[in-house]
Amino acid sequence: MTTLHIARASRWFGNVVAVNDITMDISPGVTGLLGPNGAGKSTLINMMAGFLEPSGGSVTLDGTRIWGERNVYREIGIVPEQEGMYDFLTGYEFVLANAELHRLADPPAATREALATVEMEYAQERRISTYSKGMRQRVKMASALVHHPSVLLLDEPFNGMDPRQRMQLMELLRRMGAEGRTVLFSSHILEEVEQLASHIEVIVAGRHAASGDFRRIRRLMTDRPHRYLVRSSDDRALAAALIADESTAGIELDWNERALRVQAIDFARFTALLPRVAREHGIRLYTVSPSDESLESVFSYLVAA
């Protein structure tokens, strides 16, 4: 079993702390690294890949420290978010270069196999400068797979892919996880992680916020306090009726918005309560909208949970 172990790892750039004292294990199977943009996902992946030295703590692969150890690259493949490609090369030449750098026994054969794996044979003789974003992502994937790594690190791999390309890549990653490889991919889109990952790690503002299977993380997100903006035909009467119920923790009358701001601590109970109370009191509901549904607010709650 190939396992990445991150132990109290931190990384700072001058006065900016990008990753703050994170500890986690990435084991065989598919793991989703979830967090809003700017959370520190790319920095953490670059430390796992040996591209950045931790400012504190350690990142190891089966007990071997990754930073400065060239031999670990026999086991690691990485698909970075940044382009970092040579547009004057063809897709075949780009993947072949990586096969030759790994000193594989038959670089051309390995290159053809990797390109076939990501369904890019049809465009392998075209220059990368002519590729779409999705095609570039797939040829980067082929380059990362050419040496059959036991660990695959992908930073926002689905960016720019059309639905068919996304489904094909998801199926490939599922298959690799089922084969016992250690696959980690980052995303800021909850649905992508839900469809693919068997295990999830959540980071927010450089800190480790949550860890577990998707159902547990989803439950934490659903059970957090929710804030709503509610406009009705009688805000005062509605507030009086809602505040008496244990599903709400606070209600404010917002004079500027001419609406109520409601904090619900029991999501399921509140969503059933609101329409019932309105009906019983003859109150019309004009607007019921969440006011804290951004990824940043949802994930920030997990930090404090």
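Colleague: Which residues of α4 meet α2?
Modeller: This is a predicted model. From the α2 side, the contact uses G91, F94, V95 and N98. By class, the α2–α4 contact holds 5 nonpolar, 3 polar and no charged residues. The α4 partners are V139, A142, S143 and A144.

Colleague: Are α2 and α4 roughly parallel or roughly antiparallel?
Modeller: Helix α2 spans residues 91-101 and helix α4 spans residues 133-145. Their axes come within 8 Å and cross at roughly 25°. Angles under 35 degrees count as roughly parallel. So α2 is, relative to α4, roughly parallel.

Colleague: Is the crossing of α2 and α4 left-handed or right-handed?
Modeller: The angle to keep in mind is roughly 25°. The hand of the α2 and α4 crossing is right-handed.

Colleague: Which residues of α3 make the contact with α2?
Modeller: The crossing of these two helices is right-handed. On α2, the contact takes Y92, V95, L96, A99 and E100. The residues of both sides divide into 8 nonpolar, 1 polar and 2 charged. On α3 they are P107, P108, T111, R112, A114 and L115.

Colleague: How far apart are the axes of α4 and α5?
Modeller: Helix α5 runs over residues 163-178. It packs with α4 at an angle of about 20°. That angle makes α4 roughly parallel to α5. The axes lie apart by 11 Å.

Colleague: How many charged residues does the contact of α4 with α5 have?
Modeller: The crossing of α4 and α5 is left-handed. G134, M135, R138, M141 and L145 of α4 meet R164, Q165, L169, L172, L173 and M176 of α5. The contact has 7 nonpolar and 2 polar residues. The charged residues number 2.

Colleague: On to the pockets. Which element gives the largest share of the lining of the largest pocket?
Modeller: The pocket holds about 450 Å³ of space. Each of β6 (76-79), α2 and α4 supplies at least two lining residues. The largest share is 4 residues, and it comes from α2.

Colleague: Which residues lie nearest the centre of the largest pocket?
Modeller: The lining has 20 residues. They divide into 11 nonpolar, 7 polar and 2 charged. Among them, F94 and N98 of α2 also meet α4, and S143 of α4 also meets α2. Nearest the centre are I78, P80, F94, N98 and S143.

Colleague: What is the volume of the second largest pocket?
Modeller: Its lining consists of R70, N71, Y73, R74, L101, H102, R103, L104 and H147. By class these are 3 nonpolar, 3 polar and 3 charged residues. The space in this pocket is about 350 Å³.

Notes: Residues numbered from 1 in each chain as written. Predicted model: local features only at pLDDT ≥ 70, side-chain atom pairs only at ≥ 80, totals over all residues. Heavy atoms only, no water. Axes fitted to C-alpha atoms, helices over the stretch in contact; angles between N-to-C directions. Parallel < 35°, antiparallel > 145°, perpendicular 65-115°, else oblique. Left-handed = near helix turned anticlockwise from the far one by under 90°. Contact = heavy atoms within 4.5 Å. Nonpolar A, V, L, I, M, F, W, Y, C, P; charged D, E, K, R; others polar. 1 Å grid on protein atoms, 1.4 Å probe; cavity = no way out; pocket = protein on both sides within 12 Å on 5 of 7 lines; lining within 4 Å. Points joined across faces, edges and corners; volume = space filled by probe spheres on them.
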